[in-house]
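Good morning, and thank you for joining this group meeting.

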Amino acid sequence: MSNFREKLSAAVVLFLLLATSARAEQSKASEGEFGPVVSAYLGYLRNEQEVVDDRVSRREISVGYYRRNSNRIKALRQIAVRLARDTHNDYLPELEAVAGDELGLLFEHPPRPGALRVGEVVRNTFRFLGTIRSGEPFYIFARLDTYEQAEIMERAAAAAKKTEPSPGIQTGPKSATRSRRVVP
C-alpha cells in the first residue's frame, strides 16, 4: 500500500512539474510582446506558481490552499496581461486579488462585492479593476500611488468646500434641541 502511495505521489509531482514547464514555455512566448516591467511581473507570477507547486508537492500546504493561490496567480496574470495590452504601456500598478471572504484583508470595513463598480475608488487607496473568475471569483484592485491619493483627497476637500454654506447665510438652528424655559 505504501509503495502505491509513493508511486502515486511521484506521478503527481511529475505531472505538476511537466504542467508547470509547459505553462512556463507558453508564457515565455507571450511575454515577448511586453516590455521589461510587465515581463518581470509575469516572471514573478511564474516563480510564485513554482513555489506553490513545490510546497504542495512536499505536502507543506493543503490542496485547498494550493488551489486558491494557484487561481489567484492566474487571475493576477490575466489582469496584468489585459492591462498591458489595453494601455500599450510598460507599467503595472500594484495589484491585489482577493476572494470575497478576503476583502477584510484590504479594508477595515469591507465593501459589499455586489456594490463594487469597475473604476471605482474604494477608501481612497484602491481602484476596483474588476472581477476575474478563476475557479472562484477574485476581486482585483490596483493600489493608488500617493499622488493619486492626494489628488482624490484634494478633489473631495474642494467638493466639500463648495457645499459648505457661506458665513452670512443662516441654514438652521445649531442645536437639535430647544433650550429650557426657566419659570420662577
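Let me begin with a term: a residue counts as buried when its relative accessible area is under 20%. Please keep in mind that the model before you is predicted.

Is F107 buried or exposed? Its relative accessible area is 2%, which is under 20%, and therefore F107 is buried. F141 has a relative accessibility of 0%, so F141 is buried as well.

Let us turn to the aromatic pairs. The structure holds six of them. One of these joins F107 to F141 in an edge-to-face arrangement, with 5.4 Å from centre to centre and 70 degrees between the planes. This pair links distant parts of the chain, as the two residues are 34 apart. F107 sits in the loop between α4 and β2, while F141 belongs to strand β4, residues 136–143.

F141 also pairs with F128. Here the rings are tilted, at 55 degrees between the planes, and their centres are 5.3 Å apart. F128 lies in strand β3, residues 126–134, and is 13 residues away from F141. Both F128 and F141 are buried.

Which residues make up the aromatic cluster? They are F107, F126, F128, Y139 and F141.

Finally, I come to the helix. Helix α5 covers residues 146–163, 18 residues in total. From first C-alpha to last, α5 reaches 26 Å, close to the 26 Å expected at 1.5 Å a residue. The N-terminal end of α5 is capped by D145: a side-chain oxygen of D145 lies 3.2 Å from the backbone nitrogen of Y147.

Thank you for your attention.

Key. Residues are numbered from 1 along each chain as its sequence is written. This is a predicted model: local features need pLDDT of at least 70, side-chain atom pairs count only at pLDDT 80 or more; totals for chains, interfaces and linings use all residues. Side-chain values use heavy atoms; hydrogens and water are left out. Rings of Phe, Tyr and Trp (its six-membered ring) pair if their centres lie within 6.5 Å; planes under 30 degrees apart count as stacked, over 60 as edge-to-face and the rest as tilted. Helices (H or I, at least four residues) and strands (E, at least two) are DSSP runs, numbered from the N terminus. Buried means under 20% relative accessible area, exposed over 50%, partly exposed in between (1.4 Å probe, protein chains only). The expected span of a helix is 1.5 Å times one less than its number of residues. A polar contact is a pair of N or O atoms within 3.5 Å; within protein, one must be able to donate a hydrogen and the other to accept it, and residues adjacent in sequence count only if both atoms are side-chain atoms.
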